[in-house]
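Subject: Structure handover

Hello,

The structure is below for you to look over. My notes on what was found in it follow.

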Amino acid sequence: MPLSTYHGPSKSGRASKMRSGLGLASAALFCLSVTAGFCQQTTATPEGPVTVQPGAPGQQTKVLPPGTPAAPFRSPSDADIAFMRGMIMHHGQAVEMTTLMPSRSHNQDLLELGKRISISQTDEMGFMKRWLADRGIPLSDKPAMDHMAGMTGMDHSGMDHSKMAGMDHMAMDSMPAMPGMLTPQQMDALRKATGPEFDHLFLTGMIQHHTGALSMVKQLFDTPGAGQDPVLFDFTSDVDNTQQAEIDIMRHMLAKEKQ
Amino acid sequence: MIFSLASLSSRRTLQRAFAFSLCCSTLGAGVALAQTAPTVFVNPRTGADDPRVGLKGGLYDAGVASSGLELVVTTPKPGSFAPDLEAIAAANAAPVPPPPAPGAPRGTGPRGPSYGGTNSDLAFSGKYLFSGNYLGINFYDISDPAKIKLVTSVVCPGGQGDVSVYGHLLFMSVEAANGRLDCGTQGLPVAPGQTPPSADVLANVPPTVPGAAATPPARAQRPPDPASPDRIKGVRIFDISDITKPKQIVDVQTCRGSHTHTLLVDPKDKDNVYLYVSGSAPVRAGEELNGCTGKEDDPNTALFTIVVIKVPIAHPELAKVVNSPRIFSDPQTGEINALWKGGNHGEGTQTTSATRGCHDITVFSSLGLAAGACSGNGILLDISDPVHPKRLDAVTDPNYAFWHSANFANDGKTLLFTDEWGGGGQARCRDSDPMNWGADAIFKLDKGKLTLASYYKMPAPQSEFENCVAHNGSLVPVPGRNILVQSWYQGGVSVMDFTDATHPYEIAFFDRGPIGVGGRRAGGGQWSSYYYNGYIFGSEMARGIDVLKLLPSKYLTQNELDAAAQVHLAELNVQNQPKIVWPQNFITARAYIDQLARSNALTPEKVTALNAAIDKKKTKELKVIATSLDKDASTAATPADADRMHALAEIIKQK
C-alpha cells in the first residue's frame, strides 16, 4: 500500500539516540540446534540492539553503525515525474467524464461505478500532486504551461461543465495526449449523448481511458531506473489493480447491454 | 474512556443501520456470473459524537480515543527506519508551503519530511516479534510486552517486507523495483553510461484507437529494460539461528515478485514447508528471469496464477519454485483465465481480467482449505495437496474494488474477506464513503460454497487526512465467539464480533488523530493488528510498534479474556491460520457462562447456580446441569448459544 510520504534520509534517531555499538561484540552465543525448533534459549541478549545488513545469499552479514539510514535520498527519475504529471492530466479527464453522468444516465449500476471512479481518481489526483510537491517537483517544467498544469489537476467539483469542456480542448491542443485519453471529438459526442447512448459511449470511452492508464503503468516499469520510489511503486500498483478491476466490471456492463 | 456503542439513536444512524446493500454474485468453480442480488446487513456508521471524530493530529502526540482497548506501550521505529523528527517539526512549524511553481527548477523548494521506512506485516516466534518494513526487518524481544526491546535491525530494502517465520527460517517478500540481492540501499538506478529516458517518453506513446474497447494497450517503440543480475523480486530466506546476525540463505526469484507470501505447513509433510507467493508487480522481462512472460495468451504467462515455493527444512538453500498452479482456470476447458469468462457475456468481453493474481492467501491447514483474496475475486482452495491447490469456489462482488486478505472463523463456517479500496493510501472512511465499500465482506462457508452474509466497516467517520480502509487482522481466541481484531490504517484498530455472520458489531476500538497536523497529510496508520499470547501487537507504519490489551467491558468479560489468554502459540504467522483448541477447564467454561448470560440464554438464577457449583466443584450438581444444558440447547435462540451450551456441558460433565 502506498504512503503519501517520502521515504528519505532520516536525521533523527541516529547514533546519538541509540545505545553505543558495543553490544555488537557480545553478539549472541552460538545456536547449535538448527532444526525446526527455534533455539531462543541459547541466544544471549546483547547489551543493546544491533543494526546489520545481510550480504547476498552465502555472503557474510555486515554490522552497521546504529541508525545507518536504510534509504538514502534519491531523486525520482524523469520517467517517474513524467508519469505522475501525465497521470494527473489523465485522471482529470476521467473525473470530467463522471461529472457528465448524473444529468445523462439513468443506469443505477453505472452511476454507482461512476461514483467510485470519481472518488478514486479525484483522491488520486490530490495524491499525485502531493507526491510531486513533497519532492519539490513542479507540475510542469514549462512556465508557459502554468495555467494548464494547474487546471488539469484541480478539483473539478463545483465547476461549470461548459468551462470544463473548453479547458479540455485547450489541454488537448497544448499538451500531448496520454494513452487512452478521449479525443475532443469523443468528449463532444459524450456530452451530447443521453440515456443508453450515453451509457454506451461512457463505457467504451472509460474502458479506452483505463486501458491507456494501464499501458502508462506498464511503460513506466519498462523504463530503466524507474519506479524505485516505494510510494510511487505502491501507488502505481493500486492504479493498475483498481483500473483493471473497473475495466472488467465495465466489460460486463457492455455485455449486458448487448443482451 | 468508555463510549457507548449502543447509543445509536440519531435518526440518520438508525436509517443507516437498516441500510441493506446489494450483494455479491457467486462464480462457481465454473464460471457463470450470477446476477442474483440478495440484500445483506451493513453495519451503521457512528455519528459525530463518536470520540474518534476530530482527534488532534501528530506523529507521537496525537489525540487518542479508545474503548475496551488499552495502549500498553508504543515503540517508535529504530534509527535506520525512523522518521526525521527535526524535519517534521520544522515543517509543522512553518505554514504549508505552496506547491512549486510550474517552471521552477526541480528539487529546489521545500521537501516533505520523511516519516521513515514504512512498517508492514508482523510474524511471531516464541519471545520474538518480527516487524517487516519496506526497508528491512526489526526483531523485538517481547518477553515483557510492556517493555518490548529491539534486538536487531536488519537493513535490507525491497518492499513490502511481508514476513513469516518457521523455526530458524525467516521469510521476507520483495516486490519493489529497488530490491537487491545484497540488501544494498542504493536500489537499481539507471546503470552508469546508460542514457536515462527522456521525460516525455510517455507522451510518445500513441493514444489507443478511439472506441476500440477490446484493443490491447498500445506499446511504444522503446528498448527493453536491461536485465539486472543484482535484482531480487521474490522471497528472501534468512537463517536467524543467531538472532543478532541473520544470514541470507537464498533468494527465490519469481516473475511478479512477492507482494505477500503465506507459509503453509502441511501436517502430512515433516520435511518441507511451502510458501504461496502472491505477486502483483509488473512481470519481469525474460532476459532478467528466464521463462517470465506477461503475455496474456502465452500458456506460460506469469499472470493468472500464484507461485508455490517448496522449502526443504534441512536444506533451505535448495528452496525453489515447484508450481504455478492455474487456480483461475476452467477445469473443463483448461482455459487459464476462466473466472471472468463465460458464455453469457458476449463476445469481446474478456480480453482483460481483473483476476490476474492474488493479493494474499490465508491457509487453514487443519481444514485443508485456503482463502485467496485475488484482486477481482475471493476464492476458496482445497490445499490437501499443497503443491496443487484446487479451486472449490469463487465469488465476486460489485461493491468490492480489490480483494485483499482473508480470515477464517475457527470453526471454518465463516470466512471474512477485506476490500482494500484505494490500495491503503487513500482516505476511504470519510462520512461520504459508503459503508460497504472498502469494508469486510463476511461469507458463510458451507460444503465448499460461499454465501455473502454481511459487510462490516470500522464505523467512525475519519477525516480526509487519514488514509483508511480495511486491512490486516487476526482472530482473538475467545471460545464461543468469532472475534476479529483488525487494522484500518489511520482509522485505527477495531475489534468486532462476527459470531452471527449476518450481524457483525464492534466491541472495542483504539484510534489516534491524523499523523499530519494542521491539514498536512502524512500516510501511515495500523498495517497489522494481531493477537498473540494475551496481547495485541500492532504495526503502525509511521509510529512504530503498538502493544495493546483488551479490557473487560459490557461486550467482553474478564472470564472471556482469561479463556483467550490460555491459548498459547509457539509461533504465529497469521495467514497460516492456526486451529485453536481450548483446554476443557473451568476457565473456558466461565467464558461460555458469561456469553449465555449476556444473550439471556440462561436465566440469572441458572447462571448463579452454575457459578456456585463450579466454585465449590460440586461434580454431581454439575452433571445434572450438563444434562439440562444439552437438552436446552435444542431450543436455543441461536446456533451460537446452542454450541456454547453443548461445549459448556461437555466441560462440566467431565469435572
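Two residues are taken to be in contact if their C-beta atoms, placed from the backbone, lie within 7 Å. Please keep in mind that this is a predicted model.

With that cut-off, and leaving aside neighbours within four places in sequence, Arg231(B) is in contact with Gly179(B), Arg180(B), Leu188(B) and Glu288(B). Arg231(B) sits in the loop that joins β11 (169-174) to β12 (234-239) of chain B. It counts as buried because it has 22 C-beta neighbours inside 10 Å, the threshold for that label being 20 or more. Thr619(B) is 388 residues away from Arg231(B) along the chain, and the C-alpha atoms of the two are separated by 66 Å.

Backbone points in chain B

The peptide bond from Gly159(B) to Gln160(B) is cis, and its omega is near 5°. Gln160(B) belongs to strand β10 (residues 160-166) of chain B.

Phe304(B) is not a glycine, yet its phi is positive, at about 60°. This residue is in the loop between β15 (272-278) and β16 (307-312) of chain B. Is Phe304(B) buried or exposed? It is buried, because 21 other C-beta atoms lie within 10 Å.

Lys447(B), also a residue other than glycine, has a positive phi near 50°. Its place is the loop between β24 (440-446) and β25 (449-456) of chain B. Lys447(B) is exposed, because it has 6 other C-beta atoms within 10 Å, and the label applies at 12 or fewer.

Domains of chain B

Chain B is split into domain 1 (11-93 + 115-187 + 228-343 + 353-582) and domain 2 (587-654). The C-alpha centres of these two domains of chain B are 36 Å apart. Domain 1 of chain B gives 13 residues to the contact, and domain 2 of chain B gives 11 residues. On the side of domain 1 of chain B that touches domain 2 of chain B, the residues are four nonpolar, five polar and four charged.

Helix packing in chain B

Helix α3 (residues 558-565) of chain B packs against helix α4 (residues 586-598) of chain B at an angle of about 140°, and their axes are 8 Å apart. The helices α3(B) and α4(B) are therefore oblique to each other. Their crossing is left-handed. On the α3(B) side the contact is made by Asn559(B), Glu560(B), Asp562(B) and Ala563(B), and on the α4(B) side by Ile587(B), Thr588(B), Arg590(B), Ala591(B) and Asp594(B). By class, the contact of α3(B) with α4(B) has three nonpolar, two polar and four charged residues.

α4(B) also packs with helix α5 (residues 604-615) of chain B, at an angle of about 170° and with the axes 11 Å apart. α4(B) and α5(B) are therefore roughly antiparallel to each other. Phe586(B), Ala589(B), Ile593(B) and Ala597(B) of α4(B) make this contact with Val607(B), Leu610(B), Asn611(B) and Ile614(B) of α5(B). Seven of the residues in the contact of α4(B) with α5(B) are nonpolar, one is polar and none is charged.

Chain A

Chain A contains seven helices and two strands. Their order from the N terminus is β-β-α-α-α-α-α-α-α. Chain A has 259 residues, of which 56% count as buried. Among the contacts in chain A with a separation of 6 or more, 70% are between residues 24 or more positions apart.

Regards

Note on methods. Residues numbered from 1 in each chain as written. Chains lettered and ligands numbered in written order. Predicted model: local features only at pLDDT ≥ 70, side-chain atom pairs only at ≥ 80, totals over all residues. Axes fitted to C-alpha atoms, helices over the stretch in contact; angles between N-to-C directions. Helix = DSSP H or I, 4+ residues; strand = E, 2+ residues; numbered from the N terminus. Parallel < 35°, antiparallel > 145°, perpendicular 65-115°, else oblique. Left-handed = near helix turned anticlockwise from the far one by under 90°. Nonpolar A, V, L, I, M, F, W, Y, C, P; charged D, E, K, R; others polar. Domains from an automatic or database assignment.
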